[in-house]
Amino acid sequence: MAIDKAGKKPSRFKFIRKSTLRTADDSTTQELEAPVDGIEDDSTPAPEGEEAGDLQDEPDTQDETNAQDDLPGQDSLSTESLQDESLRQDSLPVVTESPQEDAEMQSMFPTSDSPAQDFTSIAEIDRADSPVEDPEVILKNLQETFQNIIDDKLANIPLRLIDTHSGILYTSNDLEGIFKESEEYQRLYENLLTTSVSKLQRRVNEFFRYAMLSHKWASAKDEPQYWQIKGSVYEMDAPLEIRKLQQFCTTSKREGYRWVWSDTCCIDKTNNAELQESIISMFAWYKDSAITIVYLADVSDISQLKDSQWFKRGWTLQELLAPQFIRFYKQDWQPLIDSDKNHKVELLSILHDITRIDVDVLKAFVPGVDNVKKRLSWVGNRTTKKIEDIAYCLMGIFGIHMPVMYGEKHNAFVRLQKEIMALTDDLSLFDWLGESSTLHSYFAAHPRCFMTPSYDARQDSTSSKFEFRLLKTSKRITSGLSSSALKIVKDVLSNPPHGRFIANGRMSMPFFVHEVVTLIPNQDKPGALSYLVKAEGLSELEVIVTQRLVPLYGKNPSYKYRVVRMWDASLIQRIGSMSIEAADASIVDNPESPEPPTTEDSPKQEKEKEKGKEKGKEKDKEKEKDKDKDKDKEKESWVGRSKELVADFVADMVTNSTAAAFIRRLQEPFVAQLLCSPGDKQPWRRVGTTIRVIAHASSGSVNFRAPENVIVH
């Protein structure tokens, strides 16, 4: 038939024709030919343009009916419906072999009278979420999709890139024009109707692949700056470090990368908006790069790698962690190792030994605000030329975006800590030693303050056996507390303190507070800023501080001091686990607990046991009914009321056990901090210490202090 011929006719809309062929054959063809076998010779003749041979090639009516039955919701055509259909043959459209594509497409698509199930085949088209559209509309949508893919790619690559073929520095807008003038773009654009979206994305990604340079800067006057790049970098002979840039471009071109980026000349540092966007986006640019080439100007052999200055710069930390593929090059621009593979993987153990960063982190680093102290310690021994950069180079490590404001000096690192505090409850942010920031006493002045190892004051008292013994002595512990103190403990457990917040330069923080009674210089260490501190509820402790303190001897002092313990949410979390352990232990210690069977019974014995169990269940049901009756009677007597009181008492004892565990936890050694205030109604400030202060509860009666919110500056 002409329809079959039209379906086989080549066209640039092949993907539409292929998927709609079955629709055309199952609808229009059936309407034309189904009545043939059921109508006499005087039926309406075939439409003009049809040949007799075409009718002979048609499938049998039985096959047509079966095909119709296969369609969902399609009823078989009765003889009466076929006869009625024959009366409408004159109204059917004439199918011709016109060369015009518009007429051909109209003959192939279902008409408005076609049933809804004829559109089911259209769902097989990957490009369309709806029934057949106009070809021009489909092509227009594909063109928009193609442009969106290009725009998305350009939005996620560096703002400027160097073409390794010509040595010219281009902007991202220039790159779009270069791509659209390429043969690759023309080929894709002309074949949009037959090219999948995934292939378009793949081709665009391949065209814009870029290499990043990681290196230690020489002096700023020797590095090529953006304003110095006038033409091809290959034709420049100054400044002094232009050869490094030229070698980087040449090496990248040899490795098959057309586009490259260097932080020396690919950022217009006189444009504040561009500079800020580049610094914030730099981690992502390294992460998305096809390769990062690390140039080690002070390394001529792998044995010198550990001493390279590249591992001592702040910005190179993210240039090590972010990229997925790295190649190291020596000072002569030869590969550090003889391998074409990923040097980051090949040198994994060596990189771990140099940086002390976990191997798993080096292999697959993920930005975040977990393990705050550890992440900050990674840059403790690294330096930056500008003070602010020690904070800005960490934004990508923590996945934090904040404004870049050169000139704020040390405030940049304080702002970074504030941003981290707003996103996490990790108390290791405050576990630092050394000098506090002059802008806020509770924040560290530099990442090196976090290089001290973490300390677990409870490392010798965390066994489950110890916790179980603790719970069994709950009555003794809680008996030392007054009812009002016990109520405060339960209130803290049911409604723990809220998180920290900061406003107007002052921070509200929940602490367990111990007022300092005396603070005197340590005569045994006259050369050090060492003081002996006696605080309420604590044994005497020594603190070594970063600045001289005003001694505290008697009453009404001009200066006040406090030893505080930060509120930790894990105090509550561990209680739940101890309760479970105690419940399990109580079952084990119960001598009346049934022992599990140790031998297996024979089949006959099992059947007899099953019968006995069924009889036992019936007896148990009768006993339960009798017990219910007895309970109703007991509730009316003093015996029933006393049982209810006992149940309440048991529940109260469980709460007391939980409170006892909480109190006992507070009696364990903890990492303490020293606060000072110059007088009444003055904000408290944290005193910087050079060694970690470990406080111990004083021996004697249990003394509970509820946490309170303290304003610190």
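The legends below describe an overview and close-up views of a predicted model.

**Figure 1. Overview of the protein chain.** The chain has 713 residues, of which 43% are buried. Its secondary structure consists of 26 helices and 15 strands. Of the contacts between residues at least 6 apart in sequence, 69% join residues at least 24 apart. The accessible surface is about 40000 Å², with 49% belonging to carbon and sulfur atoms.

**Figure 2. Helix H7, residues 135-155.** H7 has 21 residues and spans 30 Å from its first C-alpha to its last, close to the 30 Å expected at 1.5 Å a residue. Its buried residues are Pro135, Ile138, Leu142, Phe146, Ile149, Ile150, Lys153 and Leu154. Viewed along the axis of H7, these buried residues fall within an arc of 155 degrees, so they line one face of the helix. Exposed residues on the other side of H7 are Glu136, Lys140, Asp152 and Ala155.

**Figure 3. The start of helix H7.** A side-chain oxygen of Asp134 comes to within 2.9 Å of the backbone nitrogen of Glu136. Glu136 itself is exposed, whereas Pro135 is among the buried residues of H7.

**Figure 4. Glu176 in helix H8.** Helix H8 covers residues 172-180 and includes Glu176. The relative accessible area of Glu176 is 19%, and buried means under 20%, so this residue counts as buried. Neighbours within four places in sequence aside, Glu176 contacts Gln147, Ile150, Asp151 and Leu154.

**Figure 5. Lys244 in helix H11.** Lys244 is part of helix H11, which runs over residues 242-254. With a relative accessibility of 7%, Lys244 is buried. The side chains of Lys244 and Glu223 form a polar contact of 2.8 Å. Not counting residues up to four places away in sequence, Lys244 touches His215, Lys216, Glu223, Tyr295 and Trp333.

**Figure 6. Tyr442 and the largest nonpolar core.** This core has 111 residues, and Leu394, Tyr442 and Phe511 are those with the most contacts inside it. Residues up to four places away in sequence excluded, Tyr442 touches Phe430, Trp432, Met507, Met509, Phe511, Val564, Met566, Gln673, Leu675, Arg686 and Val712. Another core, of 20 residues, lies apart from the largest one and includes Val545, Leu549, Ala672 and Val687.

Methods
Residues are numbered from 1 along each chain as its sequence is written. This is a predicted model: local features need pLDDT of at least 70, side-chain atom pairs count only at pLDDT 80 or more; totals for chains, interfaces and linings use all residues. Side-chain values use heavy atoms; hydrogens and water are left out. Helices (H or I, at least four residues) and strands (E, at least two) are DSSP runs, numbered from the N terminus. The expected span of a helix is 1.5 Å times one less than its number of residues. Buried means under 20% relative accessible area, exposed over 50%, partly exposed in between (1.4 Å probe, protein chains only). The arc is that of the directions from the helix axis to the C-beta atoms. A polar contact is a pair of N or O atoms within 3.5 Å; within protein, one must be able to donate a hydrogen and the other to accept it, and residues adjacent in sequence count only if both atoms are side-chain atoms. A nonpolar core is a set of buried Ala, Val, Leu, Ile, Met, Phe, Trp, Tyr and Cys residues joined through side-chain atoms within 4.5 Å. Contact means heavy atoms within 4.5 Å. Accessible areas come from the Shrake-Rupley method with a 1.4 Å probe; for residues, only the protein chains shown count as cover.
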